[in-house]
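Please look over the sequence and the model below before reading on.

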Amino acid sequence: MANPLRTFASLYSTTLLTVLAGGLLTTYLGLRLSVMHVPQLWIGGMMSAYYVGLVAGSKIGHRLIAQVGHIRAFVASAGIVAASALGHALVDELAVWLLLRLIVGMGMMCQYMVLESWLNEQAESSQRGTVFASYMIVSYFGLILGQGAISLYPELGLEPLLLIAICFALCIVPISLTRRIHPAPLVPAPLKIAHYWRKAPQALTTIAIGSMIVGSFYGLAPAYASNLGLPPEKVATYMTATILAGLLAQWPMGKLSDIMSRSRLIRINCVLLGILALGIALTPYHPTLSLVMTFLFGILGFTFYPLATALANSRVEQSERVGLSATILLTFGLGASIGPLIASTLMQWLGNSMLYGFMSACTLILFLRLRYVHSQQKAETNVTQDYIMATGDLVSSPLAAALDPRVDVESVQEQMTPTPSDDEDDLGADALEDNDTDNEQQLTFEFDANPEPTFVETESESQEESDLDAVKTA
């Protein structure tokens, strides 16, 4: 059996460079805006715009891939994102920066969709778990390297933007030169928000409020640390420690979630994170203590998402998990868009420490909501091996469900294989003309009440028979 790391080396290399550039851009903008003494509300708005772009890009990306193919869609998106990153060096207008962040979000979501659909198409059923876990580990390392790269340029000049553009340019190379077969186009996952909220209210509530916490951290923690007087290299260490803790916590948290009730584990996690966040908000900065506390924050904060996703998947049938993934993406994106706006407003009004004060308040609201829902809901049925690794941030698309080893491959193909009507809608007039040309060379079928099919001749076939008769007569 081939090693997935070797089999998908080109796709993993592309993923590493893409996530590295995206993480570096997020941290750079947070620090840069803080140095420029921009109001905190603008910093929160930048992060919110990015998550809005990610959600919008899930729809736009599908249409782009359907029209031009996977490699062309990826190259176009990478070029747009690289140009948008460099645009921050040309224009100082904050409204333009807000628009650029929105475009970056849409472009990166399209890139994630290309990578995940490609991996899903060519991953063997027996290796899906390894392929998915490898993809998430590569994404984690990309985030960590992105945070560490900012320490190379403490002056926060143009160099980080140039490095970001270089990474987005280089991420095109492995996927362009791959000799692997291109995947077939996929359609968007079915979206039934109300249905899934009724079936998994605790899980989706956790994702909604947990995403507000995670979105606020990624968007505002660099500015928070900078406002404490930390130089960029110390800010990079602060962020890296948090993300590394999230990576290290995945396996033990997964084992723990197989032993005890996940809803109870989420509530315990919620209480501990609330106390910890309040402690960070009230404790004066100390180099060693702050690193320890943010490390613990990463363990608790970055495991909300995988715990809630595992709980949600245990509440639905196999055939519903693709649609559930799309609902989770939308819920996470909306929560991550709202959280930084609220947190940045509180930071601007009440001080820097309100970032963690807001997170602590979120955990209190989440705990009370979970207690109420749990008292109204039927007992939880725990399913072992239902927990999978997740980064805690949106570095995946709705198509990630297709890679999920918990999802039945046949149900994925059934839900996400385009129907003829989908092809006609998505491929446009040119594709319709090609289909018409192909159809002229084939027989079409009409089914009526009889079990036997009736063959219907096309105009081209009728003409061919007439010409044949004329030849015979001659």
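This is a predicted model: local features need pLDDT of at least 70, side-chain atom pairs count only at pLDDT 80 or more; totals for chains, interfaces and linings use all residues.

Residues are numbered from 1 along each chain as its sequence is written, and side-chain values use heavy atoms, with hydrogens and water left out.

The protein contains 20 helices and two strands, where helices (H or I, at least four residues) and strands (E, at least two) are DSSP runs numbered from the N terminus. Of its 474 residues, 54% count as buried, a term that means under 20% relative accessible area, with exposed meaning over 50% and partly exposed in between (1.4 Å probe, protein chains only). Among the contacts with a separation of 6 or more, 86% are between residues 24 or more positions apart, a contact being heavy atoms within 4.5 Å.

A pair of aromatic rings is described by the distance of the centres and the angle of the planes. The structure holds ten aromatic pairs; rings of Phe, Tyr and Trp (its six-membered ring) pair if their centres lie within 6.5 Å, and planes under 30 degrees apart count as stacked, over 60 as edge-to-face and the rest as tilted. Phe8 and Tyr12 have ring centres 6.4 Å apart and planes at 70°, so their pair is edge-to-face, and both residues are buried. In Tyr224 and Tyr356 the ring centres are 5.0 Å apart and the planes are at 70°, so this pair is also edge-to-face. The pair links distant parts of the chain, since Tyr224 lies in helix 10 (residues 201-227) and Tyr356 in helix 16 (residues 354-376), 132 residues apart.

Ile342 is partly exposed, because its relative accessible area is 34%. Leu278, in helix 12 (residues 262-282), also counts as partly exposed, because its relative accessibility is 41%. Leu278 and Ala361 are 83 residues apart in sequence, and their C-alpha atoms are 8.6 Å apart in space.
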